[in-house]
Amino acid sequence: MERVVDPLAKKPSILHSQSETIGFLIMVLVLVVAPFVTYPLFLMQAMCFALFACAFNLLIGYVGLLSFGHALYFGWASYLSAYSAKAWGFPPELAILTGTATAAICGLVAGSLAIRRQGIYFAMITLALAQMMYFFALQAKFTGGEDGIQAVPRGYLFGIFDLKNVMTMYVVVLIIFILGFAFIYRIIHSPFGEVLKAIRENETRAISLGYKTDRYKLVAFVLSATLAGVAGATKAIVLQLASLTDVNWPMSGEVVLMTLVGGLGTIFGPVVGAFVILVMQFKLAPIGEWVLVIQGAIFVACVLLFRRGIIGEIANKLRIRL
Amino acid sequence: MFEIFGIPSTALFGQLLIGLINGSFYALLSLGLAVIFGMLNIINFSHGAQYMMGAFAAYLILQYSGLGYWPALIIAPILVGITGILVERFFLQWLYKLDHLYGLLLTFGLALIFEGVARNYFGSAGLPYTVPESLRGGQNLGFMFLPNYRAWVVAASLVVCFGTWFVIERTRLGAYLRAATENPTLVRAFGINVPRMITLTYGFGVALAAFAGVMAAPIYNVSPQMGAELIIVVFAVVVIGGMGSILGAIITGFGLGVVEGLTKVFFPEASNTVIFVIMAIVLLVRPAGLFGRRA
Amino acid sequence: MRRFMGLAALAAVLACSGANAQQVNVKIGVLSDMSSLYADIGGPGSVAAAKMAIADFTKDHPNVKVEIVSGDHQNKPDIGTQIANQWYDVDKVDMIIDVPNSGVALAVSQVAANKNKVFIVSGAAASDITGPKCNANTIHWTYDTWMLANGTGTAIVKTGGDTWFFLTSDYAFGHALERDTMAAVEKAGGKVLGKVRHPINTNDFSSFLLQAQSSKAKVIGLANAGGDTINSIKQAAEFGIVKGGQSLAGLLVFASDVAALGLPTAQGLILTETWYWDMNDANRAWTKRWQQERQGKWPTMIHAGVYAGITHYLKTAVALKGNLSDGKAVVAQMKSMPTEDQLFGKGTIRPDGRKTHPAYLLEVKKPSDSKYPGDFYNVRATIPADQAFRPLKEGNCPLVSG
């Protein structure tokens, strides 16, 4: 019997590897230099959101699943990280791990419920679950309700590095971001990632080839939730607070916006999108009244005209992979 | 008077009736959503904003022309329906060939725009609008005091809901609409202007939302965020009822109103999560919804 | 900026041998909710009030130069923290004021303590700001939940409303309001007949109002805020609650909410505020000026608080000869100086940061009694400053010994 060549196994082309590597180097360079020109606290927050958006993009861009309730993982990781650092006195690395673990568990539970359905139903289940957890957060004592958890201590990383020092904190966040980003990159450019892309293109065909697609989708979902959790847990330490904003559905909408603006299905898109949206939020703060309208207009413009997003358009014009 | 689980029966019946009244709002709103999704395959996330626009239109009509509630019931839906037609022509028609998640994102963006503009011009506290003279006061039914206005809401919703259902499921126009959704090319071959039907259907769905808005204006706070608060619950209703089914939306709307009402009596803190819990369960057990077509 | 000011002050002292007052440079940030729920009670109106305070002060003190910036925290503690950090660190803002939304206010209060700058809360309500979460860099102006609960609760019981039923928003703020008001009511000799908790952002209150109606309590206390309060009141009117003889006590209601409801619906509502535009000629004149920037709107006590807070801060800046680098020292100075301005009259700031002034029990007028737009309230009672706010010893503020 002839052995059928697995059409999904192919060597990554040299070309897209190169452009992505160059892009990665540029990104790292910018982030290393940036704190000397821009306000570091803002950059740290932006990196957390960029990681969040990258985690979200893993699901929508590479598996084709729109999760409309991703704030669940981001927010609850943020809460647990803040609470463990403040009330239980965890050092920052343990606090972040606690938050991440929380997000992973939530992702596992939510994912196993939601994966059973596709498309719009999948999105609606994730939204419903996120709303339920929002109401839970609203009423639970430990989350501080409307006030949130405040005055979270930065602590000493591994007992040595004083995170109250801005530059030390910055280096830590930068490392976390790059590790998270690299991890996502590795997932995408791996046989596992190729199967995910196959599921996105044509799930029935993937099933007929013998892949247990539900299992792949669940793993991707949990990975995405976990990485969103890393972002949320880190953010809680950086800004030293966790609040209801982090679990509310506008936050889920914002991460969709960031990914859309940056470019769905591109590796750098979410990073750029996160920075763009955050800069907008702060630059517009003085004329705050139009924030909502402008966000809406960007959504509309992106869906109609710039469906590929910023990075997507650039990549398309230059015919490279970004 | 007897007690059920510690609640006097008079209170229980009162709450059931109120649940039915609320259900009629849910039914009216989810009807518009169901029509749009069923006929057009578009998830209209701006439905809440259009509901809000209906209420605002009623307020503005009163401010600028002095016309009160009754004319507003007709004029406001028409005005907002026209904006719906414009939205369809300028924005939505480009998205039919794409995954219907793009329609969701686009209408979500539009909802933000509508809400933001309303907030900038009118502030967020809300605008005053009162119950019309002819419907003030109420009847003492013994087990509760029923405001006349609420009775009117139930009656009007039932009429509009079943009227719409009848038109879509039992008339020729409705048959054309349903056929056009399934096979537009064939229907066009029969000489029917399908794009225009789609545009008008969207406009009609939006007008339904606006109609609900006008009905809400006298009793709920007329504020820019009134739609955002409601839209997710209405989505849950539509998903439970079945996203293509008109009858499903109507019956589920009323049913969930009753369930919510009962929850408010026995376990009030959970009354805003109960609908989501039900939605999650239904989605797992019957993904197409209680009355829905194949997903 | 700081060094320049110090040098300038030094030069001025040397050059002018104390005959002239030296240049005082101040930078103030108005951080508020410009675009969402609290935009009407704070928002651009706070910026307008701030500008008025600066204009009035610098008219009499030409040696004082004040720069003002404003920002929108969008009710998100993240954004509020980010802006506060940036303002204090990079933009050299000396003092931040307003911040409606207790969550954001608590966060900014932390930032002010970390950076040793000054923060004056006009907009937020949490009495924790001068309680367990107090610090030496924060001052709480205008109002807080304890004052609202106590003012309304006690005063209503004294005027005959001695049986209560609570409609409470089911989260920390609602619970706190309910708890404080219940305590005040019972202390004044009243009785609480029952309560029901509703989820936040509830649209429909009919079932809760039914329960309130059947309790036959004389007063229905609304321990909720914003849209929930407005909906409760609107629907209470529909169910004929006030007509049926029960009265509504709004525990957190602003003039803008009353405007949103309209007098026919809101008439008879009882509430407590610390400032009302129509109480005296000074307030009326101030309001007229304020409305030039904010046409068609009515100023709330929060806007008045911004005006008064800035006025007192600027007085302090002059007293300290412009040396504003140590926030704790500035706040200590503010607490040592009695306050006086055209809106709140005379008052003091306590060691825990609480600014005290009289509170007023107000009742919404019947439409027939309202003679002109904005004529919302009858003043039912005045609560003197030393009784209006929580006693100093009961707050658990770490700054207060014993």
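Okay, hi everyone. Some housekeeping before we start. Because the model is predicted, local features need pLDDT of at least 70 and side-chain atom pairs count only at pLDDT 80 or more, while totals for chains, interfaces and linings use all residues. Residues are numbered from 1 along each chain as its sequence is written, chains are lettered from A and ligands numbered from 1 in the order in which they are written, and side-chain values use heavy atoms, with hydrogens and water left out.

Let's begin with chain A. How many helices and strands does chain A have? There are 13 helices and 2 strands. By helices I mean DSSP runs of H or I with at least four residues, and by strands runs of E with at least two, numbered from the N terminus.

Now the overall form. Chain A has 322 residues and a radius of gyration of 20 Å, which agrees with the value near 20 Å for a compact globule. That radius is taken over C-alpha atoms, and the globule rule is 2.2 Å times the number of residues to the power 0.38. If you draw a box along the principal axes, the C-alpha atoms of chain A fill roughly 65 × 45 × 40 Å.

What about the inside? In chain A, 60% of the 322 residues are buried. Buried means under 20% relative accessible area, exposed means over 50%, and partly exposed is in between, using a 1.4 Å probe and protein chains only. For contacts in chain A with a separation of 6 or more, 79% come from residues 24 or more positions apart. A contact here is heavy atoms within 4.5 Å.

Let me zoom in on one residue, A:Ser81. You'll find A:Ser81 in helix α3, residues 71–86 of chain A. Is A:Ser81 buried or exposed? It's buried, because its relative accessibility is 0%. Skipping neighbours within four places in sequence, A:Ser81 touches several residues, including A:Ala95, A:Gly99 and A:Ile237.

C:Cys134 sits in the loop between β4 (118–121) and β5 (138–140), and C:Cys397 in the segment after α14 (385–388), so the bond ties together parts of chain C that are 263 residues apart in sequence. The torsion about the S-S bond is about 85°, so this disulfide is right-handed. Both C:Cys134 and C:Cys397 are buried.

That brings us to chain C as a whole. Chain C has 14 helices and 15 strands. Its radius of gyration is 22 Å, close to the 21 Å from the globule rule for 402 residues, so chain C is as compact as a globular protein of that length. The box for the C-alpha atoms of chain C is roughly 75 × 45 × 35 Å along the principal axes. Of those 402 residues, 64% count as buried. The accessible surface of chain C is about 13600 Å², with 53% belonging to carbon and sulfur atoms.

Last stop: backbone angles. Most residues other than glycine have a negative phi. C:Gln74, though, is not a glycine and has a positive phi of about 50°. C:Gln74 lies in the loop between β2 (64–72) and α3 (77–89) of chain C, and counts as buried at 11% relative accessibility. C:Asn116 also has a positive phi, near 55°. Where is C:Asn116? Look in the loop between α4 (102–115) and β4 of chain C. At 22% relative accessibility, C:Asn116 counts as partly exposed.

That's my tour, thanks!

Note on methods. Disulfide = S-S within 2.5 Å. Areas by Shrake-Rupley, 256 points an atom, 1.4 Å probe, with all protein chains shown as cover.
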